[in-house]
Amino acid sequence: GFIKAQHKAMDQVFEGMKVSPGFARSQKQVIMNSFQNMLRANRVSIAKDGSLDFSRSFIKANPGETAKINQAYESLLSWKNWSQRGVHDLKLLVGRLTKFPTEAGGTSRSPFLGRLYGRLNQQVVEGLPKDRISTYRQANKVFEDNIDLFDDLVKAFNSGDPFTRLSQVFGKN
């Protein structure tokens with residue numbers, strides 16, 4: 001229900017917004033350029049076969065993070081909807097990829113994908129009419145403030161003793 005409500009709020013934000021092919025190409029180019037600049041800044045290169053090469057990057061020390069960055073890269077390459085709504089949806093996907101498992105068994109967040117998430121958010125805001133920006137930001141804030149709690153609740157009910165897990169969820173949040 002929470003995710004449906006957020007989706008409905010975004011429907012209102014993006015309602016009636018049309019996208020020309022030129023705008024979509026421009027959106028894609030700006031985002032791909034930003035991503036490639038982020039890769040270069042982190043000493044990640046694109047190999048001749050199109051895969052990402054982390055051999056000179058400190059990110060390589062976190063195999064979980066490299067896997068998530070690769071998944072985000074694959075998504076960028078295959079993404080078809082470069083409208084404001086489409087970029088927002090891509091941002092949500094990147095947000096989900098930002099969390100990755102650590103070798104010690106816990107979870108961590110990717111600073112690289114966190115920056116990409118922020119860049120995608122900035123790109124959406126820049127393309128919105130001024131009267132819709134505050135609504136977009138408010139809906140995002142509510143979503144971001146609560147999504148981790150909801151994810152933890154789902155995990156609690158899907159594994160182990162739900163009552164023990166629930167107490168851990170509320171203790172953590």
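Mentor: Start with what a helix is here: a DSSP run of H or I of at least four residues, numbered from the N terminus. By that rule R85 lies in helix α4, residues 84–97. Keep in mind that this is a predicted model.

Trainee: What makes R85 count as buried?

Mentor: Its relative accessibility is 14%. The limit for buried is under 20%. So R85 counts as buried.

Trainee: Which residues is R85 in contact with, leaving aside its neighbours within four places in sequence?

Mentor: R85 is in contact with H7, M10, D11 and F14.

Trainee: Where is F14, and why does F14 count as buried?

Mentor: F14 is in helix α1. Its relative accessibility is 8%, and buried means under 20%, so F14 counts as buried.

Trainee: What does F14 touch, not counting residues up to four places away in sequence?

Mentor: F14 touches Q84, R85, H88, V124, L128, R132 and Y136. Take H88: F14 and H88 are 74 residues apart in sequence, yet their C-alpha atoms are 9.8 Å apart in space.

Trainee: How many aromatic pairs does the structure hold?

Mentor: The structure holds three aromatic pairs.

Trainee: Why is the pair of F14 and Y136 called edge-to-face?

Mentor: The ring centres are 6.0 Å apart, and a pair needs centres within 6.5 Å. The planes stand at 65 degrees, and over 60 counts as edge-to-face. So the pair is edge-to-face. F14 in helix α1 and Y136 in helix α6, residues 130–158, are 122 residues apart, and the pair links these distant parts of the chain. Both F14 and Y136 are buried.

Trainee: Why is the pair of F35 and Y73 called stacked?

Mentor: The centres are 5.8 Å apart and the planes are at 10 degrees. Planes under 30 degrees apart count as stacked, so this pair is stacked. F35 lies in helix α2, residues 21–41, and Y73 in helix α3, residues 63–78, so the pair ties together parts that are 38 residues apart in sequence. F35 and Y73 are both buried. Ring pairs link F35, Y73 and F112 into a cluster.

Trainee: Which residues in α2 and α5 meet?

Mentor: From α2 there are Q27, V30, I31, S34, F35, M38 and L39. They meet F112, R115, L116, R119, L120 and Q123 in α5.

Trainee: How do you know that α3 is roughly parallel to α5?

Mentor: The axes of α3 and α5 cross at roughly 30 degrees and come within 9 Å. Angles under 35 degrees count as roughly parallel, so α3 is roughly parallel to α5. E65, K68, I69, A72 and L76 in α3 meet P111, F112, L113 and L116 in α5.

Trainee: How many helices and strands does the protein chain have?

Mentor: The protein chain has seven helices and four strands. Along the sequence the pattern is α-α-β-β-α-α-β-β-α-α-α. Of its 173 residues, 35% are buried.

Definitions and conventions:
Residues numbered from 1 in each chain as written. Predicted model: local features only at pLDDT ≥ 70, side-chain atom pairs only at ≥ 80, totals over all residues. Heavy atoms only, no water. Helix = DSSP H or I, 4+ residues; strand = E, 2+ residues; numbered from the N terminus. Buried < 20%, exposed > 50% of the residue type's maximum accessible area, 1.4 Å probe, protein only. Contact = heavy atoms within 4.5 Å. Axes fitted to C-alpha atoms, helices over the stretch in contact; angles between N-to-C directions. Parallel < 35°, antiparallel > 145°, perpendicular 65-115°, else oblique.
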